Each structure stands twice: as C-alpha cells, then as structure tokens.
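Hello,

Here is the structure I promised to pass on to you. Please have a look at it first, and then read my notes below.

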Amino acid sequence: MSELPAVSEEEFRKVCDFLYRRTGMLFTEVKRYYVQRRIAERMASLGISVFATYFAYLRGDADGEIEKFVNAFTVNETYFYREEHQLRCLSSDLLNERVRAKRPGEALRIWSVPCSTGEEPYSIALWLLENWPAVDVQDIEIVGSDIDTECLAAARDGEFGQRALMRLTPELIAKYFVESAHERWRIVEDLRQSVQFTTANLMDPAETRRHGIFDVIFCRNVLIYFDDASRRLAAENLFECLAPGGFICLGHTESMSRISPLFEVRRFADAIVYQRPKGGVRG
Amino acid sequence: MPLVRRPSPPFEPSAAAPVSLTEGTSDQRWAAVRAAATRPDGVALLAAALPQERDPRVLEAIFTALARVATAESAAAVAPFIRSDDASLRAAALDALRAMPEASRPHVSRLLADPDPDVRLLSCELARGLPEGEANRLLSALIDGEAEKNVVAAAVEVLAEVGRPEVLAALARCAERFAGDPFLAFSIKVATDRIGEP
Amino acid sequence: MVEPAGKRILVVDDASLVRRFYREALERAGFEVDEALNGVEAVEKVLGGIYDLVVVDVNMPQMDGLTFLKVLRRQATAVSSLPALVISTEAAAQDAAAARAAGANFYLVKPVSQEWLVEHVSIMCGRPA
C-alpha cells in the first residue's frame, strides 16, 4: 500500500491507552508511525476497512488479536542468552540470596516454563557454568516445561541452528556445542543431560504442583496474553511452586501489575523481578 | 557436583486436601481455598470464609477461586464486597468480577442503579466487559440520570473506550449539564472525539 | 517566577483520562510526569526511577492506593519518604484518616481542578505555586 490510511489523533490515543491498560506496553508519539502501520496491516489482513470495527475486534481479543498486534513490536524468536540482563541478575543476586535459604546438599531448583525448544533452560545452564562462581559447589537442578510436546522433543534433542546461537561467542560454541550437521550444533551431552524436560499446562494446578518447589522461575512472554481469569490462576499456580523467598522473572515488556498482586516487587541492578514473600502462604 | 543430572522424582502432594477454609495456618487455609474451587459445595464454603479472612493472600485466593467457579452464585458472593470500607477488598472484588464477565453480567445493571454513588462509580468498570451494545445502553442511561460528577466521570472513562455513536447525544446532554466542571468537559470532549461520526 | 527544573511527578490512577488531565496540567507548569495505573505498577516505577512526588488515587485494580502507600513506606531505601498526595473519590472523614494512616502527606477529594492540582503539587515540591 502506498499510503497509510489516516488514523486520527484520538484514534491513535485510544489504541495506545487500550494496549497500555491490557499489556502494560507503552506506545508514545515516537512510535506513532509504527502503530499506524501495524493498524493498517492488521486491518488489511482481516479485510476490515473501518477503524472502529477493527478497534472493537482488538478489544474483544478474538483469535489472539492483541498478541498479533503486539508481535510486530516484540522480539519473538527464542535464542541463547536472550534477555541477558535477567541471567546476570540470576548469577549476581538471585541465586546468592536463595543459597542462604538452602540446607547443606539441597539443590537449587530453577524452572523455565514455557521452555519452547530449550534455548532458555540450556542458556541458564551455560550462563551459570560460565558466570556463577558457586556453580562448582552448589547442586543446581534445571527443569524446562512446555505444553507443546514437539517443542519438548526438539529441546531434548538439543540441536540448534545458527540464529539460535547468534548471541554466543565462538569460544562458547566451541566449548558447549558439537557441530552435528551443516550449520547445526548440538549441545554437549553433559549439558543435555542436565536439563529435565517435562510437559506442563500452567493453567492446571495438578500439573504445576507435581513439579515441586523452585527457587527461581522464568515465565516469559506468555502470561500477558492470557485472559484475566487465566492470568490469575496461572500466577497462583506459579506462586504455589515457588519457595518462600523464591523469585519469578517475566518477559521484559511484562509486569505483574497486569497479572496478579501476589508477588512483591524487587528491584536489582540488572532487572526487576517478583518475589514470593518469605513468611505466610504456602500451597 | 553442579548441574544435577538425576532430577528429583515428581512431587506427589498428599492426597487428602485440607478441609477447613477457616482454621489452621494461612498456608493451610490457602491450600484449602484453592481446593474448594473444584468442590461441588465450593461456593458456599468460599462465601462463608470471605467475611472472616484477614490474610491478603488467602483473600486473593478466595476471590480467584470464586472467579474460577464463575457462576451466578459465585458472582453473587463477590458482589457485596464492592461496598466494603476497605479499599483492598473493593479492588479484589472488582478484579474477581472482571475475571468472570459472563457470571457478573446480570449484576451490572443492578449495581449501576445502586443508591450508593460509590457503588455506581466502581461498577462502571464492569460495563467495560459487557457486549458493546449493552455497555453503551447501560452507561448512556446512567449518565442521563446521574447527578454525581465522579460517577459520570467513571462512565465517560469507559465510554472513551467502548462508546458508539448512539451515546453521543447523551454525552452532549451531559456536557451541557456539567459545563462548569473542567474535568468532565475535558473527558466528554475526548470521548466524543474518539467515538467519531455517527 | 523561577521555572521548576526537572521535578518529576508520578501520577497513579487507573483512569486514563484522569492521568491525561493531570499530566497536561503538570507539564504546562513545567513538571516532568510519569504514569502508573495501579499500585503494583506504581511500586515498580518508584523503585526504578527518581520522583519528587507521587499523586495517587485510591480505587485501582490489583493493588489499591492505600496498600501501595503502605508498601512504599515499608521500603528500606530513601524512596520510603517520597511525598504522596492522595486524590480520591472517597469523601468521608474516615477515608482521609485512613489515607493519612497509610502514609499520605495530603488528601484531596475528586474532582480536582488543574489549578488546584498544580498548586498542591508545587507546594509539596517546595516550589512557589
């Protein structure tokens, strides 16, 4: 299309206010062109010609329209060392706090859910081996869970393409991966065996509960797209799986402010994370 | 040894769920409340536990459980807490009603007509989750008869998002009635601009 | 009159039009403004930024304004003494008392005019209005 159909000032603000309220993502004047373009793209894709009709459709979130709209503004692919600042926070702050709560010999447990094709849990393992001094003396258990069994099969396989490894240095790749096919690398056997992959539906308390209690949970870029009721329930299920004093990390455009008041906000140098309070409620 | 290779066996929680929602530690009450959501007598138990519970997280779990049930009965158990003197209970009640829009639907028109302006004000938010035609009809009727500025403001806030051309006349009448109030003049203008041409 | 240099105000209200009304008035008066729409987001913002004042509503989803104030006042850092102006629809004396008990420095009842808002914010920030 040669020209964007005009979206008035108030129509633009209406979309921005709505998305901010629902997702916490803030679109401002600087993003106007991109927001207008996205509206035009979505309207064209859906065969809608009137803005008011599209806005009603967006509001109703039919067919996951909010996520589809916002997808153009977020990085969706998964790769190793995505959101490195959270990994830094993990090794600099979170684990050190959690270690103080452990009995001798008790493992630190970390959960990546959803884990998709495994980049996130393997990244955690890699990062800790490379960056956490206590990794030699502290047992760590890493679990990756997803609702998609095909993703889990790929994760267990541990083979990745170039794009997934784009943030890793050649040294890291040489150290932890073996070239298994043309431009495919498989993570070394030791690491592959270190992560346990399971199915889990965040909405089902029985499924989440059977995974036990964790010190740190990574639950990124999924909760914010659930409806109100589902978000609350998922948050509660995750709360139940966190040790008192345990931490949960969301995607960097997400906030518990749109999900649940159960957790306390903790700000560290590298990230804002959420903590289950140390006293009180245990599931 | 780092990065444990042999994972823990699946955690098997004790089969017997705690029974009482009102006794025991907050941990125990939390677990009992969560389990109540799937029990046939759940709503009655949850409703009975609500007035006595003081722990914010157990309260949150009660409201979430009632929202999970999502029936007329569970919505009826939640709705009275909109009147609470406690702001956190009001917020929790509204959040729970918002999370069960179908079950709350029959309550909205009654709440919007409540004699207490604070109840009418808070209930405007619930209209946001109604089908658009119904939301427009109810809020339009509300603002036509409403004397309280803050209630009108709450309705206009929702209409700025859900409003359709059929409410423009009611908004115009409101603008005239409250011409002296700068905030209402401002909000009605924004809502009118957003609704656009009939 | 001296222009306010860089006083930052956090406006917390779940109503987008209220936030906009306050923002426009405060920006015209030379303040910098950030927003949050509930108590949880407000906690995130105050922990992550530097503000001279927070203007906060009471009735908000997820976490109401009074609970936010209690969380704020419990913080271990300097942020715990952030001045707070509560602007609420609750008109009863007990509501003002509850706000003060939660840690509010000032309590106003809605609707609040832009002039009244700017005057109060200016005074609380230690500036002539």
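A:Phe177 has A:Ile187, in S5(A), as its bridge partner. That pair belongs to a stretch where S4(A) and strand S5 (residues 184–187) of chain A run antiparallel, joined by four bridges. Strands here are DSSP runs of E with at least two residues, helices are runs of H or I with at least four residues, and both are numbered from the N terminus. Two strands are taken to pair if DSSP finds at least two bridges between them.

Before going further, please keep in mind that this is a predicted model, in which local features need pLDDT of at least 70, side-chain atom pairs count only at pLDDT 80 or more, and totals for chains, interfaces and linings use all residues. Residues are numbered from 1 along each chain as its sequence is written, while chains are lettered from A and ligands numbered from 1 in the order in which they are written.

Back to the strands. In chain A, the order S3-S5-S4 makes up an open sheet of three strands with antiparallel pairing. Strand S3 (159–161) and strand S4 (177–181) of chain A are at the edges with a single partner strand each, so one side of each has no neighbour in the sheet. From one strand to the next, the twist averages 40° (axes are lines fitted to C-alpha atoms, and angles run from 0 to 180 degrees between N-to-C directions).

Now the domains. An automatic or database domain assignment gives the bounds, and chain A is divided into domain 1 (9–71) and domain 2 (84–275). Six residues of domain 1 of chain A are in contact (C-beta atoms, placed from the backbone, within 7 Å) with seven residues of domain 2 of chain A. On the domain 1 side there are two nonpolar, three polar and one charged residues. Nonpolar covers Ala, Val, Leu, Ile, Met, Phe, Trp, Tyr, Cys and Pro, charged covers Asp, Glu, Lys and Arg, and polar covers the others, Gly among them.

Best wishes

Conventions:
Contact = placed C-beta atoms within 7 Å.
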